[in-house]
Amino acid sequence: MATAAQTIDAERRFYGRMALAIIIAIFIGFAPSFYLMQMVSYPRPNPPLTVMTMLHGLVATGWLAIFYTQVRLVAAKRRDVHRQLGVWGMALGAAVIPIAYLTAMQAIPRGLHPPIIDAESWSAVPLLAVPAMALLLWMGWRNRLDPQAHKRFMLVFTICMVEPGLGRWPIFPPTMAGHVISNLLAFAFIIPLLMWDRKTIGSLHWATKVAMGALAFGCFARYIVWGLGIWPAVVRVLPG
C-alpha cells in the first residue's frame, strides 16, 4: 500500500503530466496559425490575425503558462507563492472567457468556419464552451480552500482549451467525421482524471463529476442545437 508521501508525489506527477499533455496538444494545433505562423506549412488556409484573435491567443497562452507554473509550485512545495499567483491566475482565467466570446462573435462575419457547416452554426462550438468554462472557473474559485476540488476544476477548465487545438491537427480532415473524432479525443483528456480518482479514492470525486458534466456540455451540446436547427436564430440576438 502506498504511503501518504508516495501518494502526494504521484499526484504531483499526475497533474504535471496532464499540464504538459494539454500544452503540447494545444501548441501543435495552433502552431501554424499562431505560435509558429509563417514558419511551418499547413494544408489549410490560415486567416490573418486580428487584434482580438491575437489577444485571445496571448491570454489563453498566459493561462496555460500560469497553470503549469502553479502545478510546478505545488510540486516544489511553494504553496505560499502558489496562493499569491493564484489570485492573478484567476483574474487571467476570468479574462479568457469574455475574450473567447468576443473572438467567436467576430469570427462569424469573417466566415471563419470549416466547410462542414455555416459560420453562424459553427459559432456554437466556441460559444457553448463559454458557460462551461465560466462554471468551472467559478467552482475553482469557490472551492479554492478545498485543494482536491480546486485542482480538479482548474484542470478541467484547462482541458476545455484542448478541443480547439486538437481540432486543428492536420490529421483530422475538415469533415463532420473528422470534427467528431477530434472532439471525442479532446473530451477523452478527462479519462486520466477518472482513472486517478478510481485509483486514489476508489470512486469519482464530486468535483470530477461536476467538472465532467460541464466539459460534456461544452463538447456535445453543439450537436443538439445543430440537430434542432435553432442556433443561427439564437446567435443573431447575442450581443457582440
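## Labels and the values behind them

Modeller: Let's begin with Trp 138, which counts as partly exposed at 48% relative accessibility. Keep in mind that this is a predicted model.

Biologist: Why is Trp 138 called partly exposed?

Modeller: Exposed needs over 50% and buried needs under 20%. Trp 138 has 48% relative accessibility, so it counts as partly exposed. Its place is in helix α6.

Biologist: What makes the nonpolar surface patch?

Modeller: Leu 135, Trp 138, Trp 141, Trp 206 and Val 210 make it, with an area of about 470 Å². The elements that give two or more residues to the patch are α6 (129–142) and α11. The largest share, three residues, comes from α6.

Biologist: Now to the charged pairs. How many salt bridges does the structure hold?

Modeller: It holds five salt bridges.

Biologist: Why is the contact of Arg 12 with Asp 9 called a salt bridge?

Modeller: The cut-off is a side-chain nitrogen of Lys or Arg within 4 Å of a carboxyl oxygen of Asp or Glu. For Arg 12 and Asp 9 the closest N and O atoms are 3.6 Å apart, so the pair meets the cut-off. Both residues lie in helix α1 (residues 4–35), three residues apart, about one turn of the helix. An α-helix has 3.6 residues a turn, so residues three or four places apart point the same way.

Biologist: Is Arg 12 buried or exposed, and what about Asp 9?

Modeller: Arg 12 has a relative accessible area of 16%, and with the limit for buried at under 20% it is therefore buried. Asp 9, with 36%, is partly exposed.

Biologist: What makes Arg 236 and Glu 120 a salt bridge?

Modeller: Their closest N and O atoms are 2.9 Å apart, and the limit is 4 Å. Arg 236 lies in the segment after α12 (231–235) and Glu 120 in helix α4, so the pair ties together parts that are 116 residues apart in sequence. Arg 236 is exposed, with a relative accessible area of 58%, whereas Glu 120 is partly exposed, with 22%.

Biologist: Which residue meets Asp 197 in a salt bridge?

Modeller: That is Arg 152, at 2.6 Å from N to O. This pair links distant parts of the chain, with Asp 197 in helix α10 (residues 191–200) and Arg 152 in helix α7, 45 residues apart. Both Asp 197 and Arg 152 are buried.

Biologist: How do you know that the span of helix α9 agrees with its number of residues?

Modeller: At 1.5 Å a residue, the 12 residues of α9 (residues 176–187) should span 16 Å, and the end C-alpha atoms are 16 Å apart, which agrees.

Biologist: Which residues of α9 are buried, and how do you know that they are on the same side?

Modeller: They are Gly 178, His 179, Ser 182, Asn 183, Ala 186 and Phe 187. These residues cover an arc of only 165° around the axis, which puts them on the same side of α9. The buried residues of α9 pack against α4 (119–122), α5 (124–127), α7 (147–159), α8 (162–166) and α11 (206–228).

Notes. Residues are numbered from 1 along each chain as its sequence is written. This is a predicted model: local features need pLDDT of at least 70, side-chain atom pairs count only at pLDDT 80 or more; totals for chains, interfaces and linings use all residues. Side-chain values use heavy atoms; hydrogens and water are left out. Helices (H or I, at least four residues) and strands (E, at least two) are DSSP runs, numbered from the N terminus. The expected span of a helix is 1.5 Å times one less than its number of residues. Buried means under 20% relative accessible area, exposed over 50%, partly exposed in between (1.4 Å probe, protein chains only). The arc is that of the directions from the helix axis to the C-beta atoms. Contact means heavy atoms within 4.5 Å. Patches are made of residues with over 30% relative accessible area and no salt bridge: like charges are joined within 9 Å, nonpolar side chains (Val, Leu, Ile, Met, Phe, Trp, Tyr) within 5 Å. Accessible areas come from the Shrake-Rupley method with a 1.4 Å probe; for residues, only the protein chains shown count as cover.
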